[in-house]
Amino acid sequence: MELYNYIKSLHLIFVITWFAGLFYIVRLFVYQIEANDKPSPEKEILQNQYKIMTYRLWYIITWPSAILASLFAFWMLFFTEIGKAWLQMPWMHVKLGFVFVLYLYHLKCHQIYNQLQKGEVKYTSNFMRLWNEVATIILFAVVFLVILKNAINWIYGVIGIILFSVLIMLGFKLYKRIREKK
């Protein structure tokens with residue numbers, strides 16, 4: 001049991017740093033995209049600095065955290081009795097579904113990262129601000145599932161996530177109006 005708690009602690013630490021990296025990388029994407037509209041030489045100076053910052057964040061914090069969080073999760077689920085029992089529970093299946101979506105989100109962020117490193121801007125800064133909220137929604141879903149351990153009320157959970165998403169969108173629109181007035 002003591003070993004399990006150490007593994008669980010390490011898993012949680014790396015999940016937190018993984019999410020921190022995902023939240024901040026998308027914020028840096030916003031800044032990189034907005035720097036593209038600046039006049040020279042400010043544009044080049046900012047873009048070079050953001051490329052360095054995103055590279056370091058992505059490869060020194062975010063990717064290693066994702067890998068380590070996954071390794072410790074795998075260890076917990078497949079090499080401990082508690083984990084094997086959890087794999088039989090419906091809430092864990094739903095949670096793993098959200099984790100799969102998180103991996104897809106991470107891979108899409110990697111694709112965007114590669115595009116921006118090449119100087120290709122395919123998205124607006126407003127899109128990136130909304131994109132950043134996807135990780136927030138996944139985080140809420142996973143935390144509530146892990147704490148409440150209840151997948152039976154899946155319909156209520158979906159409704160709650162949709163309502164939460166609507167609130168985020170409304171907040172985003174309000175923030176956009178405030179920014180445009182300045």
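This is a predicted model: local features need pLDDT of at least 70, side-chain atom pairs count only at pLDDT 80 or more; totals for chains, interfaces and linings use all residues.
Helix α4 spans residues 90-117, and helix α5 spans residues 125-148. The two pack at an angle of about 160 degrees. Their axes lie 9 Å apart. Angles over 145 degrees count as roughly antiparallel, and α4 and α5 are therefore roughly antiparallel to each other. The crossing of α4 past α5 is left-handed. On the α4 side, the contact is made by Trp91, Val94, Lys95, Phe98, Val101, Leu102, Tyr105, Lys108, Cys109 and Ile112. On the α5 side, the contributors are Met128, Trp131, Asn132, Val134, Ala135, Ile138, Ala141, Val142, Leu145 and Val146. By class, this contact has 17 nonpolar, one polar and two charged residues.

Helix α4 also packs with α1, at an angle of about 35 degrees. Here the axes are 11 Å apart. The crossing of α1 past α4 is left-handed. From α1, the contact draws on His11, Trp18, Phe19, Leu22, Val26, Phe29, Gln32 and Ile33. From α4 come Lys95, Leu102, Tyr103, Tyr105, His106, Cys109, Ile112, Tyr113, Leu116 and Gln117. The α1 and α4 contact has 13 nonpolar, four polar and one charged residues.

Helix α1 covers residues 2-35, and Pro41 sits in the loop between α1 and α2. Most peptide bonds are trans. The bond joining Ser40 and Pro41 is cis, with omega of about 0 degrees.

Helix α2 covers residues 42-79 and includes Ser65. Relative accessibility at Ser65 is 5%. The cut-off for burial is under 20%, so Ser65 counts as buried. Beyond its neighbours within four places in sequence, Ser65 is in contact with Phe14, Thr17 and Trp18. Trp18 also takes part in the contact of α1 with α4. The side chains of Ser65 and Thr17 make a polar contact at 2.7 Å. Ile178 lies 113 residues from Ser65 along the chain, and the C-alpha atoms of these two residues are separated by 35 Å.

Residues up to four places away in sequence aside, Ser125 touches Val30, Ile33 and Glu34. Ile33 also belongs to the α1 side of the contact with α4.

How values were computed: Residues are numbered from 1 along each chain as its sequence is written. Side-chain values use heavy atoms; hydrogens and water are left out. Helices (H or I, at least four residues) and strands (E, at least two) are DSSP runs, numbered from the N terminus. Buried means under 20% relative accessible area, exposed over 50%, partly exposed in between (1.4 Å probe, protein chains only). Contact means heavy atoms within 4.5 Å. A polar contact is a pair of N or O atoms within 3.5 Å; within protein, one must be able to donate a hydrogen and the other to accept it, and residues adjacent in sequence count only if both atoms are side-chain atoms. Axes are lines fitted to C-alpha atoms, for helices over the stretch in contact, and angles run from 0 to 180 degrees between N-to-C directions. Angles under 35 degrees count as roughly parallel, over 145 as roughly antiparallel, 65 to 115 as roughly perpendicular and the rest as oblique. A crossing is left-handed if the near helix is turned anticlockwise from the far one by less than a right angle, and right-handed if clockwise. Ala, Val, Leu, Ile, Met, Phe, Trp, Tyr, Cys and Pro count as nonpolar, Asp, Glu, Lys and Arg as charged, and the others, Gly among them, as polar.
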